[in-house]
Amino acid sequence: MRYIDVILPLPLQDSFTYILQDEFAERVKVGMRVAVPFGKTKVYTAVVYKIHDNKPLHYEAKMIEDVIDEKPIVTHSQLQFFEWIASYYLCRLGEVLRAALPSAFLIESETVITRHPDANLEQDLTDEEVFLMDALEMQSALKTSDVMSILGKKTIFPSLNKMVEKNLIMINQELNKQYKPKILKYLRIHHQYKSQEAVEKTLEDLSNATKQKEVYLKMFSLEATQKRINRKSLKKAAEVSDGVIKALIDKDILEEYELRQDRVGFDESIFEDKEIKLSSRQQQAFQEIEENFENKNITLFQGVTSSGKTEIYIHLIEQYIKEGKQVLYLLPEIALTTQLITRLQAYFGDQVIVFHSKFSVNERVEAYMHVLNGTKGKIIIGARSSIFLPFQNLGFVIVDESHEISFKQYDPAPRYQARDSAIVLSHLHQGKTLLGTATPSLESLYNVKIGKYAYTNLTKRYGDVLAPVINIVDLQDRYKKKKMKGHFSEDLLLKMEETLKNGEQVILFQNRRGYSPILECNDCGHSPQCPNCDVSLTYHKNNNTLRCHYCGYHIAMQIKCMACGSKDITTKGFGTEQIETEAKALFPDAVVKRMDQDTTRGKTAYADLISDFENKEIDVLVGTQMLSKGLDFRHVNLVGVMNADSLLNFPDFRAHERCFHLLTQVAGRAGRTKKQGLVLIQSYNPHHQILQQVTTYDYKKMFQEQLHDRKHFKYPPYYRLVKFTLKSRDFNMVNEASDWLAKFYRQIFKSQVLGPEFPPVLRIRNNYHKNIMIKIPPEHSLEKTKYYIKKGQDKFEAISQFRSVRLNIDVDPY
């Protein structure tokens, strides 16, 4: 008898074995989806992992229910990659599968209740049974969710099982197939009505129906100029109602036909078949990268902001496309894709496919299938999740803005770092990887230092444009001298006036959304807190609410103190919304817009804002760190950083490095054409070494100082980190469980175990959090370390009293 091992999209430790019936034996291949029963009542979509003859030892194998695919949708190299992710990031294969495949592929069954054909209603029935049988009289089938609402309770299976025993109902599993192709309807003249004789006869028949006659004639002219005609365009062109068109369809003069349309398309109007010429410096960097790839598979490409890295990427991509290879272009944020897609599609046309989380389920399915079949799109642009696509012949991976924190996935599992995973993915396909950035992460530059990566540098901006001047404004001094208006210093206001007068644009950066993070009573000091998390509620002025940014809880803005009833309440601190409000008041003639998570929720919201700013329809753009990431604005001459201190004073070993990255990247948005730009950084601590290094663009000094500190305090890149987060609604239980786990690991890793410690925000969504950190020295075997970590996890999960505590493991939590 043949068996198959399958990966279920569940957080399970191992794959599960099922019997492969003879009827399916010929069809089933590794990587196909099969419907399998799991647990008491559910059917899941699983992916075939192995086919073999070994019967499972510890359980009775069930039979598979159905084979869903005609050919594999998960490739062999994908499965290898999934195994590596699960092994390195200490998670389950099922968790990787759930993250990797579009949700429409992972069909789960819906329990459907139908009336038994021989149901006897004469027997004794409970009130619940009568309710359900009455409902089934009116509706032939009910889903479990319907039954829950009819009975008004969540635990329904005991009641349903009793009804099954009485032969009143039948319970079936119905697979919900989520993916639906996009079908569009078009109109055309029926071929019988196209000949000369038919036209004359039809016009005669329609002599009394003037409108129908007009539509018939209009269709001939439209068919001569348009490829496809839908009802809407015909109605508009002929200026008639739906009824007229329907009458012609009923007479078979017009026929309606359906076409399946691809959701993953591109705007043909932007395609320009033009050559991009490289400057001498760019050409030199391009050749250096090519030479590096002859000796090493990974190259770190450090090019200052606005040095023209994208043009070099395009030339490299072109070479790999000519060789018939696929290219993955990874970006940290969806916000960046808008500008880049336009640039790449203008050059490569429909060879570009886009893939990110703002896409609908159906769009993701279509993009996935294009990559799998290789039918369309050799260049895939995407955010971190695009590393899981089914590449057939991946030759080149670009990780743009490779220093970015957004490449790290924090929740849910797998908690992977897309930059590092992309390097492994490229290695599996024997491809090359280019890490592009203006400010490399310490880990990447350290890998260059030890000879692991090759290195290429581009030190001058394109066209020899000077880097912007960066000045620091001392807020303490300005407040003392009363040279402040709201949160704007006199220096910033004067420069904004001058910039706007010259018809140039301004960017204002504040890395906190909302109007104000704290609402406080001046009498008793009370501040409204989130009932589910240990944080104060942030005031959002646009919808007059107080919101929690952790769990989404919100209430209406309070007009008096919730504790003492005083009306003397005030806001403390400021976010992008407050800066936007102040900028509008200070510059009433300027168009001020905001770009943060609140204003970019829609699928096209990023694109619309960026397009408006590029077209100079916005004068001042206020935003969070979204603004810092590689966007190319031609008319920005001034960048204002409202408060740099919030970036420096952060409880994280990478705070100073990240502050340098962020401020340098934000500064890079200014003066990208001929005129030298200006950046003003407002701070209460203007002499801080990091701020001084930013003003002089002294990356080398920052790198050396941070590297020295990391070595001294045993942090990456010298030591590896593994973070354990324990969560529970029971405060005492999370304390007890974390103490047990830390004690277990301390026996093995000794002083390298830090904690358990409470994080800055102790409670989120009513769960108390506690962290443990293990530092792994460079001389320790990674395999053995992971073996002991896994052992500790297994022992912890076997303790019944800790069942309510959730344990999350995060490898490289930075």
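Visitor: Which residue in S15 stands opposite Ile353?
Guide: Ile380 is the one across from Ile353. This is a predicted model, where local features need pLDDT of at least 70, side-chain atom pairs count only at pLDDT 80 or more, and totals for chains, interfaces and linings use all residues. Residues are numbered from 1 along each chain as its sequence is written, and side-chain values use heavy atoms, with hydrogens and water left out.

Visitor: And what is the bridge partner of Val352 in S15?
Guide: Val352 has Ile379 as its partner there. Strand S14 (residues 352-355) and strand S15 (residues 379-382) pair in the parallel sense over 4 bridges. Strands here are DSSP E runs of at least two residues, helices are H or I runs of at least four, and both are numbered from the N terminus. Two strands pair if DSSP finds at least two bridges between them.

Visitor: Are the side chains of S14 buried or exposed?
Guide: Buried, on both faces: Val352 and Val354 on one side, Ile353 and Phe355 on the other. Buried means under 20% relative accessible area, exposed over 50%, and partly exposed in between, using a 1.4 Å probe and protein chains only. In a regular strand the side chains alternate between the two faces of the sheet.

Visitor: What sheet is S14 part of?
Guide: An open sheet of 7 strands with parallel pairing, in the order S14-S15-S13-S16-S17-S12-S18. S14 and strand S18 (454-458) are the edge strands, each pairing on one side only.

Visitor: Which helix packs on that sheet?
Guide: Helix H12 (residues 309-322) does, touching strands that include S12, S13 and S16, and its direction makes about 170° with that of S16. Axes are lines fitted to C-alpha atoms, for helices over the stretch in contact, and angles run from 0 to 180 degrees between N-to-C directions.

Visitor: Switching topic: where is Glu580?
Guide: In helix H19 (residues 576-586). Glu580 counts as buried because its relative accessibility is 11%.

Visitor: What is Glu580 in contact with?
Guide: Leaving aside neighbours within four places in sequence, Glu580 is in contact with Val592, Lys593, Arg594 and Val622. Contact means heavy atoms within 4.5 Å.
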